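Here is a short briefing to read with the sequence and the 3D view open. It starts inside one chain and then moves to where two chains meet.

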Amino acid sequence: MKYSVIFLLEEAHEDFPHYVERIYELFFSRSDPFEILIIANGTGSFLKNIKTMFSNFNCVVKAFELSKKTSQAVCLKSILNECNGEIIVVLGSYQQITQDSFIQLLNSMDNETDIINPRRQNRLDPIFNQFQSLVFNALVRKITRTNIHDLSCTVRIFRRKVLGETELYGDMYRFLPILAVRKGFKSKEVKCENYQAKGKTGFYSIKEYTGRVIDIFSLYFSTRFSRKPLRFFSSIGLIFFLIGMVMICYIFAERYLKGYLIGNRPSLILAIFLMVIGIQSASVGLLGEIFAFTHGRQKKEYSIQKII
Amino acid sequence: MSVYLSIVVPLYNEEDSIEILLSNILKAGVNFDFEYEIILIDDGSTDNTWELIERLKEATPELKAIKLRQNCGQTAAMVAGFDHASGEIIVTMDGDLQNDPSDIPLLLEKIKEGYDIVSGWRKNRKDNFLRVFLSKIANNIISITTGVKLHDYGCSLKAYRAECIKTLNAYGEMHRFFPALASMTGARITEIPVMHHPRTYGKSKYGLNRIFKVFSDIFAMNLIIRFSSSALKGFALLALPFLLFFILFGILSSVAIIYDWTQGKANLFMIAAFLNLMALIHLIILGILGELIVSMSDLTHTQLPEITKKTIFSINDKEHNKDHTSATYITIID
């Protein structure tokens with residue numbers, strides 16, 4: 001089985017069955033064997049109602065439903081065992097890129113690449129959304145030092161082992177290309193044309209914004225410090241402690257050499273506070289060390305590409 | 001012998017109730033049209049519970065018994081039972097005759113309808129007023145904070161699909177929160193009214209100091225549930241009040257400095273601001289540590305969707321159309 005086409009259904013669009021049909025015809029006209037999986041992330045009984053539309057397909061079609069809306073990462077991991085294909089193609093609930101671009105994406109998956117990142121040109125969503133997307137992607141690029149320009153395209157193509165080996169959890173599916181690159185998988189960015197834009201427009205909720213910022217933050221830590229996390233904590237701890245120490249020395253010097261009363265100085269409080277934070281951070285670093293030793297041992301640091 | 005139902009009963013010093021309990025279960029079991037087993041766990045009893053069990057075992061082939069070396073707690077005893085249960089459906093019960101085994105078929109019906117966890121609801125509780133009242137408050141709080149609205153979290157009579165409960169890897173005092181824990185990864189949960197008998201033998205093992213423990217467990221459970229998808233976000237929720245207070249006191253102390261309320265000395269607003277900042281930084285650091293741990297761990301809680309996902313249809317799938325009995329977790333609606 002060459003391709004496993006997964007449809008991640010987040011919202012029930014009326015066009016969805018037709019979209020699946022078009023994709024089916026596209027794959028049918030190619031010579032490689034494929035299968036279609038649909039997973040509904042909490043969309044109620046939408047799938048049951050459209051079951052009949054797929055009965056005349058000539059390939060394996062499986063549809064699953066999660067009763068509660070969970071993150072996309074969890075969805076994908078939950079059907080990983082049901083996929084038999086070597087290359088996984090993940091699509092959304094509506095057609096976001098044109099057919100020709102999609103064919104181009106499929107064809108650009110050669111033996112060297114492990115994951116294809118589409119980059120949408122001529123985007124059709126409102127300017128404000130494009131601007132937000134631009135800022136977000138630029139921030140992520142800066143922090144993770146990768147070269148991925150479009151993280152919110154719903155189409156992703158990657159080899160099966162990418163999903164198996166990256167640590168996907170929470171809202172990290174959006175950052176799958178970055179995690180894959182960090183693991184050493186080869187990625188390629190291909191330009192494609194935007195066909196429809198039916199996503200959410202305008203302002204998102206505060207929770208989503210803070211969520212994104214926190215995601216970037218945790219991405220920063222997992223990309224930079226997953227190999228040596230503890231040095232990070234202990235080093236900030238040490239820095240805080242030293243600054244506090246220096247301040248204390250200075251204040252005490254002022255007290256005894258120049259006679260300034262120090263009981264009420266705000267800098268005394270700040271110095272003590274910095275020393276406490278320093279000790280706390282360093283001890284968290286130690287704790288992390290212990291955890292990495294006891295629990296992290298199974299997680300291998302290397303990622304095998306081939307064994308001969 | 002492929003067993004369909006496993007009845008798991010943890011016991012602690014129930015020598016007066018055990019014979020009646022077993023005979024009640026067997027009486028109800030006569031009407032079952034499937035194979036079942038009874039698993040009794042002796043959680044370090046100091047009375048004759050185990051001797052009685054050994055005696056009863058000879059007469060009852062369905063009985064399987066586990067003796068724990070010391071009192072490990074109800075959750076640990078239940079987990080021991082789960083690990084040795086071979087049924088597709090597991091029903092847990094109280095060992096003090098408060099639950100009625102004849103309610104079991106009602107639970108099983110709901111499981112057949114497609115639910116993963118069915119909880120019993122003791123509608124007419126026969127306990128004293130204070131206990132019932134406190135229970136109601138606790139149930140309300142748990143329902144609201146975890147999002148799983150059950151009327152009776154304290155009822156031990158519950159039915160689970162075996163995979164759902166086995167993968168939870170419970171510990172501590174989690175047994176009250178099995179529904180809440182399982183729900184976060186998509187298990188379908190429902191409740192049905194069941195009978196409640198008053199406690200006839202022995203004393204209740206729970207006192208009022210349990211309240212504090214239960215509430216702190218609720219808090220911890222909420223954190224764990226939020227953490228398992230993103231540790232930093234879970235901590236962000238906790239950190240929010242500290243952030244707000246930091247901003248508030250920061251503004252107040254800047255105003256105090258500008259207008260020189262305390263003549264250049266440290267003022268209390270500053271101390272308060274620093275303390276809140278300290279708490280904030282602590283929480284951020286712990287959140288990062290949490291992220292690290294989550295990404296390193298096995299994330300078993302995210303395995304549950306694999307089990308609780310429901311197959312809506314599958315076409316042309318030759319592998320799937322094996323000989324499944326109706327009791328498997330995947331119901332093919334084809």
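How many bridges join strand β5 (residues 117-122) of chain B to strand β6 (residues 158-161) of chain B, and do the two run parallel or antiparallel? In this predicted model, 3 bridges link β5(B) and β6(B), and the two strands run antiparallel. To find the pairing on screen, look for Val118(B), which stands opposite Ala159(B) in β6(B).

**The sheet of chain B**
- β5(B) and β6(B) belong to an open sheet of 7 strands with mixed pairing, in the order β3-β2-β1-β4-β6-β5-β7.
- At the edges are β3 (63-68) and β7 (189-194) of chain B, each of which pairs on one side only.
- From one strand to the next, the twist averages 20°.
- Helix α3 (residues 74-83) of chain B packs on this sheet, where it touches β1 (5-11), β2 (36-43), β3 and β4 (89-92) of chain B.
- The direction of α3(B) makes about 150° with that of β1(B).

**Where chains A and B meet**
- Contacts between the chains involve 54 residues of chain A and 41 residues of chain B.
- On the chain A side, at least two residues each come from α2 (46-49), β3 (60-66), α3 (72-78), α8 (206-225), α9 (229-258) and α10 (266-294).
- The largest share of that side, 13 residues, is supplied by α10(A).
- By residue type, the chain A side divides into 27 nonpolar, 17 polar and 10 charged.

**Strand pairing across the chains**
- β3(A) and strand β8 (residues 310-315) of chain B run antiparallel and are joined by 5 bridges.
- Within this pairing, Phe64(A) has Thr311(B) of β8(B) as its bridge partner.

Terms used: Residues numbered from 1 in each chain as written. Chains lettered and ligands numbered in written order. Predicted model: local features only at pLDDT ≥ 70, side-chain atom pairs only at ≥ 80, totals over all residues. Contact = placed C-beta atoms within 7 Å. Helix = DSSP H or I, 4+ residues; strand = E, 2+ residues; numbered from the N terminus. Nonpolar A, V, L, I, M, F, W, Y, C, P; charged D, E, K, R; others polar. Pairing = 2+ DSSP bridges. Axes fitted to C-alpha atoms, helices over the stretch in contact; angles between N-to-C directions.
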